[in-house]
Amino acid sequence: MYGDNVDFDISLSNRNISRGNPTNDQDGIGPKPRKKRLQRLTFRQNQILQGHFSFCTRPDEYRRRELSEITGLTEQQVKFWFQNKITQVKNLNEKEENYRLKVENVRLSEENKKLKEAQRTMFCPTCDPLPDNQLSPDMQRLKEQNNWLELEISQLQAETLQNSRQPFQHDSSAENVVTRQNDIQIIVELTNNAMDEFTILSNSHGPLWLPVPGGSFEILNKMAYATQFGGKNSADKIGFKTEATRADVVVMMGTKNIMDYLMDSECYASLCPGILSSAKTIKAYKWHTNVGYDGAMHLMTIEMVFPSPLVPSRKCTFVRSCRELQNGTTLIVDVSLDSSDCTFFQCRKMPSGVLIQPLEHNSCKIIVIEHVLVDDTGVQGLYQPCLSGLMFGARRWATSIARQCLRLRDTFHVITRNALRANSKGRKSLMKLADGLLVSYSNSVAAIPEDAWTIVCGAGTEQDIKIAHRRNHDRPNTAIVSVSASFQLPIPLRVTFDLLRNNTLRAQWDVLVKGGVVREEVCVSGSIEGDDTVSTLHVKNAAEKRENIMILQNSCYDVSGSFIVYAPIDTQLMNKILSPGDMGESNVSIYPTGFSLLPVSESAQGGIALGEDGETLVTVGFQILLKLAHGNGLCPKSVAATIDLMSENIATIKTSLINSQSHVQRTRGKGRHNDNGRT
């Protein structure tokens, strides 16, 4: 939370009215008014109040009396602390909301201008056709392109009929391209058709998209899509599943910078940590110029991952092309080719991509569409009830891009304690290390890349824990062991995330804390609500007298996939990371522990947003170092002990969260009641 170390005025207001002679007071001769006395809270008092504030911002009289007895403060002091805390958070909310409204106002003004211009130049080609010399430049370009495409299609059909030894079928949508990666004309036609379809899908507000209540994304209406674009596709005949979603978000970065990240495969992976395991540019058909990326066309291969041992990764090969429009809008569209090694049979991209609309204040609005045909038979039954297109859909891509753009701009709310100080360079090092923490956790849980990890046992369920290991190159004769399992928790996603993030409850389930006290030292937050934070935690254990252990934690809440990933780091090492020295974070070896969360709900019902009701799929995983046996494998005793440790941890986590759930719901209910009473 914000302002944990701020001195709040929790004493009663001192009256500044002098009790002396009224005449002297009027003449300014009376005694000077006394200053208000500020009382600094102790660490224990602050932790208790902060922990309760995360559950209920407006405690009732009974809860204030209970907090007064626990903290040793008066009821009035507790009341004033909550009032000051609410005011502080409200002020931060108003500043952030004001900025977002300015950006949204600019976007709406631009759309209004476009609609007025379209209304002024509107005409019906059937009723009132215009001659060619009066057509708009866009209409002329589309007409010429249509004539060229018809000529190319007729030529390709003629080639197919003449050469029966190499059967090749090519329809108007250029879907069936087999082993033709070197045929530039075919690829240009394919990308142009994909651009046209993507433009229609991104600008459509009609029956093509069905909104998900409270989900901030939309699902493709397959019947409307088949009516408009035709439903003929060879993949549908062999039982492939269609996943198509659309989401939009305002990101705090300019169009040029976003294009640099999306068109460069190495930067692309850094923009989506935890989603992209790898990205590689195989071939550049058309390279970009110094002016921009307009017309660039690359053949790329990526591997997407969801951090769960029960969800296999997805490999996909596609052509990524870029087109810059006259109004400043940029299209980056992906469409798959059929390759000789048949990699598209796992996941094939239909016209997908990102539409970028520039806004003022060095920001822009992006619309993400993810439309794939995928073989999901490898997904375990535990994840089948999840909403279609949630794990690998547009919402998850858009959220990751917006989060990373905000982190790259270094516009976070930073709260620093007395023990540590983080400047801008230190925060960037902290962010990069936190991203590496997320990537290491996601890849180890999914055992990616496959040639690096050796699976010892287990499928990845609560009853069959998965053990995998890879050789540790930093230490000889040792292996990095990944232990993971997924299970279902009868608690909503929102509550589960808040409970796991609560430092007061952490001592009940975290083996790193072991009954100690957790204090937040540095918190770098990307949202007022604190749903996207990178923080360092200080663990103080009175029994073991250890105060040199810090915890680096990276967490983010979103219905498309929430995560809490952390790892212990020595205090001296953390100081070096945050200091402005030349120490690179790449030299730090960290072994993450973490949770990935996903809501279980077919659809949002009754107006309840996704994640606010239902249950949660939890994946817990950790990495440890173990010695290799003589045969370069793991010792059976070590494997058995690791499985017992994970089973015990899962049982402890489930018991702790379920027991704490009733308290959270009760306090939240009182908070909502108090809010309603005040309005």
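In the predicted model, Phe595 is buried, with a relative accessible area of 1%. Trp509 is likewise buried, its relative accessible area being 6%, and because burial is taken as a relative accessible area under 20%, both values fall within that class.

Six aromatic pairs are present in the structure. Tyr268 and Trp397 are both buried.

Trp509 and Phe595 also pair, with ring centres 5.4 Å apart and planes at 85°, and the arrangement is therefore edge-to-face, because planes over 60 degrees apart are assigned to that class. Trp509 is situated in the loop between helix H13 (493–501) and strand S15 (517–525), while Phe595 is part of strand S19 (residues 593–600), so that the contact ties together parts of the chain that are 86 residues apart in sequence.

Arg320 is placed over the face of Tyr268, at 4.3 Å from the ring centre, and Lys349 is placed over the face of Trp397, at 5.9 Å from the ring centre.

Note on methods. Residues are numbered from 1 along each chain as its sequence is written. This is a predicted model: local features need pLDDT of at least 70, side-chain atom pairs count only at pLDDT 80 or more; totals for chains, interfaces and linings use all residues. Side-chain values use heavy atoms; hydrogens and water are left out. Rings of Phe, Tyr and Trp (its six-membered ring) pair if their centres lie within 6.5 Å; planes under 30 degrees apart count as stacked, over 60 as edge-to-face and the rest as tilted. Buried means under 20% relative accessible area, exposed over 50%, partly exposed in between (1.4 Å probe, protein chains only). Helices (H or I, at least four residues) and strands (E, at least two) are DSSP runs, numbered from the N terminus. A charge sits over a ring if NZ of Lys or CZ of Arg is within 6 Å of the ring centre and within 35 degrees of the ring normal.
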